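Subject: Structure handover

Hello,

Here is the structure I promised to pass on. My notes follow below it.

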Amino acid sequence: MAKFSLFFVLFTLFLSHFVGSSLGKKQSDVLGKFYKAKKIKNSAIGKSYFKTAPENLELEKVILPQEGLKEKDWIKNLPGQPPVKFQQYGGYVTVNASAGRALYYYFTEAENSESLPLLLWLNGGPGCSSIAYGAMEELGPFRVNSDGKTLHRNQYAWNHVANVLFLESPAGVGFSYTNTSSDLKTTGDTRTANDNIVFLLNWLERFPEYKNRDFYISGESYAGHYVPQLAHEILHHNKLANRTLINLKGIIIGNAVINDDTDLIGVYEYFASHALISDETYLDIKKYCSNDDYNKSKCDGAYAIADNNTNNLYIYNIYFPLCHDGNLTKYPKIPSPLQFEPCSDNYVYAYLNRRDVQDALHANVTNIKYDWVACSDPLFYNWKDSPVTIIPLLQESLANGVRVWIFSGDTDGRVPVTSSKKSIKAMNLTVDKPWHSWLYGGEVGGYVETYKGGLTFATTWGLTDLEDLLASTVKEIEGGADQTGNEIVKVDGAGSEGGAVERSTPHELGEESIA
């Protein structure tokens with residue numbers, strides 16, 4: 001099996017997440033509000049440790065017939081897309097027949113799909129769309145042009161090195177649906193994890209060629225909960241079945257919600273250290289919003305000041321501009337590969353609400369009368385359970401030989417690098433390879449630290465020396481080390497289909513790759 005390189009992920013996510021996503025403004029709003037909703041005294045959101053659903057899956061009941069459905073899900077072309085050499089599929093998988101719950105997926109195979117692993121991508125919120133964010137704004141194969149009708153290739157798409165499966169989860173998000181309206185008021189982390197594993201087991205029946213393929217789960221933001229929770233379900237049911245139902249090898253979470261207390265204070269430490277709020281406001285939040293010395297009025301006042309200071313920022317990259325004119329254009333304006341498009345959420349919204357696009361995707365089969373939206377308010381406002389920490393689940397993955405990657409872009413202010421560092425510190429791990437830089441084109445691209453047991457923490461640095469990157473398209477990045485111990489990322493060539501990427505000298509990255 002070809003290696004799925006850490007540095008390909010770091011580099012492409014650096015480009016895709018921090019250059020592409022402006023729908024994240026909505027997603028980041030949801031997460032900010034959710035943090036505060038959980039902090040309210042007597043909050044209705046359950047915060048106990050995550051546990052497997054009490055009923056164990058009866059495989060013969062939850063796995064439904066899938067014959068012929070793969071062929072029906074094949075997407076010949078999306079409206080306005082450029083020619084491609086890979087296959088695409090989209091459709092629904094029923095996860096609860098009695099409730100009428102069905103999850104929508106969009107699957108982009110790699111050109112050499114047989115030799116590469118399967119990777120599932122989940123966005124967070126909670127209640128936000130993996131098609132809107134992951135597929136259309138970050139790591140998917142296409143980006144929507146300014147006319148809202150045509151697409152251009154994302155040169156840094158992850159399906160260069162993996163077969164990428166995007167899932168709208170839970171039911172009520174994006175194109176996923178339920179026929180039981182009360183589901184929208186009773187969903188939380190537990191049901192999401194349970195439905196996700198039922199989805200996967202059925203999807204693998206529909207695509208049996210992937211049953212024994214190396215499998216990775218990845219996601220960002222609140223998917224910091226979804227990803228390790230799904231890993232837990234897989235490990236649990238593999239053990240119950242006494243066989244490998246899903247061949248889980250690793251999990252990857254970026255700027256991820258991990259541990260409420262450290263995540264939240266890390267946000268305001270980041271704001272203060274980047275001169276977005278005053279030191280006084282940060283100290284007030286640290287003092288009056290903690291559980292030990294909680295003072296509601298003073299805490300709320302400090303939060304309000306911080307919100308007022310940061311409301312006019314694009315919080316997923318504090319140095320990027322906001323959208324000031326989101327009108328569609330008559331003719332498509334195609335940005336350069338590394339140009340940030342602050343109004344792309346408008347373009348995605350227009351594109352995914354077109355009937356011909358939905359038909360091509362095999363989406364909206366229930367013909368809903370209201371517009372598709374990126375995030376679901378009914379789910380967000382009625383979320384039932386959200387553990388205060390998922391650290392025990394990360395530890396469980398490591399104990400079972402599942403590699404864990406946590407990456408953090410250092411210009412993201414919603415779940416910033418300070419939060420990730422504090423949450424990892426709370427795990428009390430032993431450092432294996434100390435903090436050191438990784439390089440791209442002779443420049444620092446970020447920093448890496450590895451821990452005994454299989455956890456890697458990596459950062460991607462702010463957008464510097466972009467001129468060096470403009471001509472380069474990455475298919476695979478693997479690295480080595482120079483005499484100083486720094487990883488080297490070497491990208492050779494450029495073109496419409498991407499340059500060749502080579503390993504400089506075999507060293508640390510070989511051990512930090514998922515193989």
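Start with Tyr 222 and Trp 383: both are buried (under 20% relative accessible area with a 1.4 Å probe, protein chains only; over 50% is exposed, in between partly exposed). Please note that this is a predicted model, where local features need pLDDT of at least 70, side-chain atom pairs count only at pLDDT 80 or more, and totals for chains, interfaces and linings use all residues. Residues are numbered from 1 along each chain as its sequence is written, and side-chain values use heavy atoms, without hydrogens and water.

Now the rings. The whole structure holds 25 aromatic pairs (Phe, Tyr or Trp rings, the six-membered one for Trp, with centres within 6.5 Å; planes under 30 degrees apart are stacked, over 60 edge-to-face, the rest tilted). In one of them, Phe 107 and Tyr 210 have ring centres 5.5 Å apart and planes at 85 degrees, so they sit edge-to-face. The two residues are 103 apart in the chain. Both are buried. Tyr 222 and Trp 383 also pair edge-to-face, at 6.3 Å between centres and 90 degrees between planes. Here 161 residues separate the partners.

One aromatic cluster includes Phe 107, Tyr 210, Trp 203 and Trp 372.

Last, Asn 159. This residue is buried, at 5% relative accessible area. Its side chain reaches the backbone oxygen of Glu 109 at 3.1 Å. Asn 159 touches, among others, Phe 86, Pro 141 and Val 164 (heavy atoms within 4.5 Å), leaving aside residues up to four places away in sequence.

Best wishes

Definitions and conventions: Helix = DSSP H or I, 4+ residues; strand = E, 2+ residues; numbered from the N terminus. Polar contact = N/O pair within 3.5 Å; in protein donor to acceptor, adjacent residues only side chain to side chain.
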